[in-house]
Structures are given as C-alpha cells and as structure tokens.
Amino acid sequence: MPVRSEQAHSALVIDDAATQDFRVHRSVLVDPAILERERRAVFDVCWLYAGHESEIPQPGDFRTRSVAGRPILFSRDSQGRARVFLNTCRHRGATVCRESQGNARLYFCFYHGWSYNRDGELVGVPGADAYPAGFDKKAHGLAEPPRTESYRGFVFVNFDASAMPLDEYLAGAKEYIDLVLDQSPSGEMEIIRGTQDYDIKANWKLLVENSFDDYHLLTTHKTWLDYLRKSGVEMKPPEQGHLLPTHGVGKALGNGHAVIDNVNFRGRPVARWIPIYGEQAKPEIERLRAELVARLGEARAARVADTNRNLVIFPNLVINDGSSVTVRTFHPVSADLMRVRAWALGPRDETPAARAVRLDSFLTFYGPGGFATPDDVEALEAVQAGISATWREVPWSVMTRGIAKPGEQLNTDELHLRAFWKQWDRLMNGARPGP
Ligand code: FES
C-alpha cells in the first residue's frame with residue numbers, strides 16, 4: 001500500500017553538530033514518492049557502475065543488465081572499446097538484445113527485424129524502401145547514456161551530460177581501488193566467471209549501510225566468527241575501546257564515498273594464510289607474499305596484504321576486499337525491494353591454486369549459502385518489515401556512534417554511514433555531486 005509522504009517537505013536527515021545529533025527519518029526506507037525523487041536526484045546525476053572491462057574481453061562480447069532502471073547493453077565494439085548502449089530499439093522501443101551474455105556480430109531486434117552492428121550502428125532495416133528519402137540510418141543507431149567513463153577497468157555511466165569527470169567524482173575512493181588492484185602483479189584484475197543475482201525485500205540504502213557496518217559483525221555473524229575461532233584462526237582480545245578482534249577505522253572519502261579500513265585477522269588469499277585454507281595452500285600464499293614485497297616494498301606489501309577494506313562508492317557500488325574481493329551493485333525495484341548483483345574479482349594472472357583459495361573464501365563468506373549473505377539478508381528484511389509497520393510511531397533511526405569522539409573514528413562507529421547519508425541528503429535537496 002502506498003505510504004503518504006508526510007516527510008516529503010521537511011528534514012529527512014537531521015545532522016546537528018551542536019547537539020551531536022544525527023538521525024535518519026524512516027520514511028526514506030518505505031516511501032515510494034521518496035524513491036521516485038531518488039531516481040532523479042541521486043541515480044540520474046551520479047556515476048553508476050555498469051560493469052568491468054574483463055567481462056567483455058573480445059570484440060562482440062556483451063552483457064545485458066539494468067542500471068538505474070534502464071536496460072543496458074555493455075559490450076566490446078569492433079575497435080575493441082568497451083561501450084554502453086541503451087538496450088532499446090530505435091524503431092519502436094523493443095529490447096534489442098534479450099540474452100544475458102554472449103558474443104554477437106549483429107544485434108537483431110526480434111520485433112520487426114532492425115539490426116545493429118557491434119558499434120551500435122543501424123545496419124539493417126527490412127523493407128527500407130518504404131521509408132521516406134530523408135530517413136537516415138546513421139541517425140538511428142543504438143543510443144548511449146550521456147556519459148561513459150572508466151577507472152582502471154571499472155566502467156561507469158552517468159545520465160547527466162554535465163556531470164563532473166569520473167576521475168574527479170571518485171575522489172578518495174581511487175586510493176582504495178588502487179590498493180585492491182595492487183594485489184595483482186600486472187595491476188589488472190578480472191571478474192571471475194559466474195554471477196550472484198538475488199533480491200532482498202528491503203530498501204537499497206539498507207544494503208549500503210550493511211556493506212560497511214562492522215557494528216553488526218559480532219552479533220549477526222557470530223556463527224562465522226565462532227567458525228574462524230574453532231578453525232584455529234588467531235583472534236586477539238579487542239583493544240581498549242574496540243569491539244572486534246582487530247583495529248579498524250571508518251573514513252569518509254568525499255562525494256559520499258566511504259570505507260572501513262581494518263587490520264586483517266581473517267586471512268587473505270593474496271598473502272595471509274589462515275588454517276582454513278589448508279596446509280597445501282601455504283606455499284602458494286607465501287610465494288604471493290614474497291612477490292608483493294619484491295614488487296611493492298615491505299611497507300606497501302603489508303598495506304595490501306595485512307589490511308582489508310569495505311569500500312562504498314556512492315551511491316550503490318561496493319567493493320569488499322577481504323578474504324576475497326567482492327564487487328557488488330544493487331538497484332531499487334521498489335521502495336522495499338532491491339535487486340543485487342555480485343561478482344568475485346581476482347588478479348588476472350592468478351595461479352589455479354590461488355584462484356581456488358579465493359573462490360572458496362568468496363563462497364564461504366559472501367556466497368548465497370555462505371556465512372554472511374543469508375544472515376545479512378535476514379537482518380535487512382527484518383529491519384524493513386519492522387520499519388514498514390512502525391515508521392509513523394517510531395519515525396527516526398539513530399546514527400550517532402562515535403560522533404562525540406575527536407580524531408579517529410572506528411570501523412564500528414558510524415562516521416562512514418553518516419558520510420553516505422549526508423551526501424544522499426545534499427542531493428535530495430537539489431545539490432549536485434561535487435564540492
Ligand atoms: S521495435 Fe525493433 S524493429 Fe521494431
């Protein structure tokens with residue numbers, strides 16, 4: 001049932017430094033009218049992840065998916081460039097490519113048979129002689145989003161022609177993408193074949209919060225922590241003031257991007273062995289560590305191997321670089337339903353032994369039957385159900401952890417969550433990304 005937008009014209013986020021108050025109005029998680037505003041104020045002006053270049057290595061390779069409600073064709077053209085087209089026929093609008101992935105010489109529209117080449121040009125029109133003399137095939141190629149740009153293999157689109165360049169938009173997030181990519185000897189990473197697709201009956205912003213909210217780790221993921229402990233993974237008692245057996249901080253990176261940056265205790269296939277990987281994996285992980293040190297020096301190698309990070313690129317791209325690397329994006333279907341798509345990322349030149357450890361870690365924690373995802377989905381759906389039923393009586397969520405603390409903010413504080421919500425609120429009030 002539609003929710004009346006009682007908050008539509010008043011504050012949805014209260015950010016009061018004087019009283020150290022930070023609250024988010026719960027209507028933003030349930031109100032379809034707010035979702036419609038978000039589609040214009042957030043999704044139509046921000047850089048949105050379309051795909052990774054490694055998914056389409058050869059000319060003609062393609063993937064179809066939906067970005068901000070638009071069907072897109074993410075493909076490699078005849079010149080070897082990664083392109084994004086709107087997957088809608090220039091004749092009367094049918095979806096042109098209806099396969100999820102493949103390689104095509106031509107894209108045929110099944111409705112009346114118009115066809116497009118790998119460069120999106122209209123090359124075939126059945127009964128073309130019935131069109132007037134001025135009909136120009138060149139003017140009827142597949143349309144592209146106003147902007148498509150990439151950063152180190154990650155391809156983004158923007159539906160705002162006047163958006164700031166992607167490089168500028170990414171701001172401090174680039175440092176963390178670089179850190180992820182440094183684990184590859186060639187600096188190149190690839191999406192590993194296979195995709196996790198699932199829906200969560202919750203508002204999309206709840207997954208943003210959850211993706212880098214370490215406050216829930218001890219309780220929601222107790223089973224996983226117990227499994228690590230029982231498997232012989234060393235876990236030190238939390239330092240003074242910490243909740244978790246690791247030192248971790250939360251940081252805002254500009255433009256709403258933010259990260260938690262933790263000392264690793266849970267293993268890294270790239271260079272940090274834990275008993276769960278098995279004795280047979282040890283020599284390969286030691287070799288990887290030596291390669292990192294030789295290539296990057298002791299300090300940078302330690303930064304890459306001995307820390308992990310959960311990065312949110314505003315509004316809806318998550319890169320979790322821990323016991324595996326997960327790339328995850330998600331889009332709202334309705335105010336209380338999101339569609340999630342996730343992939344594993346690994347060094348292009350990884351050995352089969354290292355790849356096996358990586359994929360096992362990926363499935364163990366983030367897989368649909370792993371330790372994390374089912375529990376997170378359960379938590380998010382519980383939040384959505386509770387808020388949907390009670391938001392009028394209990395209208396605010398509190399987000400003040402760490403707000404009174406000078407200096408360093410921990411991974412279990414909420415500075416990084418507040419960074420997301422501040423940017424969301426700015427945009428919803430008419431601002432554009434940028435300083
Ligand atoms: S809608 Fe595609 S050919 Fe008519």
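**Close-up views of a predicted model**

Figure 1. Contact here means that the C-beta atoms of two residues, placed from the backbone, lie within 7 Å. Helices (H or I, at least four residues) and strands (E, at least two) are DSSP runs, numbered from the N terminus. This is a predicted model, where local features need pLDDT of at least 70 and side-chain atom pairs count only at pLDDT 80 or more, while totals for chains, interfaces and linings use all residues. Residue numbers start from 1 along each chain as its sequence is written. Which residues of α1 are buried? In this helix (residues 32–43) they are Ile34, Leu35, Glu38, Val42 and Phe43. "Buried" means 20 or more other C-beta atoms within 10 Å of the residue's own, "exposed" means 12 or fewer, and "partly exposed" is in between, with C-beta atoms placed from the backbone. Looking down the axis of α1, the buried residues fall within an arc of 105°, so they line one face of the helix. That arc is taken over the directions from the helix axis to the C-beta atoms. On the face turned away from the buried side, you'll find the exposed residues Glu36 and Arg40.

Figure 2. Eleven residues from domain 1 and 13 residues from domain 2 make the contact. On the domain 1 side, β3 and β4 (61–67) each supply at least two of the residues that touch domain 2, and β3 gives the most, with three residues. What kinds of residues make up this side of domain 1? They divide into four nonpolar, four polar and three charged.

**Figure 3. A four-stranded open sheet.** The strand order is β6-β5-β4-β7, and the pairing is antiparallel. Two strands pair if DSSP finds at least two bridges between them. At the edges are β6 (82–86) and β7 (101–103), each pairing on one side only. From one strand to the next, the twist averages 25°. Axes for such angles are lines fitted to C-alpha atoms, for helices over the stretch in contact, and the angles run from 0 to 180 degrees between N-to-C directions. Zoom in on β4 and β7 and you'll see an antiparallel pair joined by three bridges. Arg63 stands opposite Gln101 in β7.

**Figure 4. A three-stranded open sheet.** Here the order is β8-β9-β10, with antiparallel pairing. β8 (106–108) and β10 (122–124) are the edge strands with a single partner each, so one side of each has no neighbour in the sheet. Neighbouring strands of this sheet are turned by 40° against each other on average, direction ignored. Strand β9 (residues 115–117) runs antiparallel to β10, and two bridges join them. Tyr116 stands opposite Leu122 in β10.

Figure 5. Start in the loop between β17 (307–313) and β18 (317–321), which holds Pro315. The peptide bond from Phe314 to Pro315 is cis, with omega near 5°. Next comes Ala171, in the loop between α2 (166–170) and α3 (173–181). Its phi is near 45°, a positive value in a residue other than glycine. Ala171 is also buried, with 20 other C-beta atoms within 10 Å. Is Asn255 buried or exposed? Asn255 is buried, with 24 other C-beta atoms within 10 Å.

**Figure 6. Ile319 and its surroundings.** Ile319 sits in strand β18 and counts as buried, with 23 C-beta neighbours inside 10 Å. Which residues does Ile319 contact, leaving aside its neighbours within four places in sequence? They are Ile177, Val180, Leu311, Val325 and Val327. Asp21 is 298 residues from Ile319 along the chain, and their C-alpha atoms are separated by 29 Å.

How values were computed:
Nonpolar A, V, L, I, M, F, W, Y, C, P; charged D, E, K, R; others polar.
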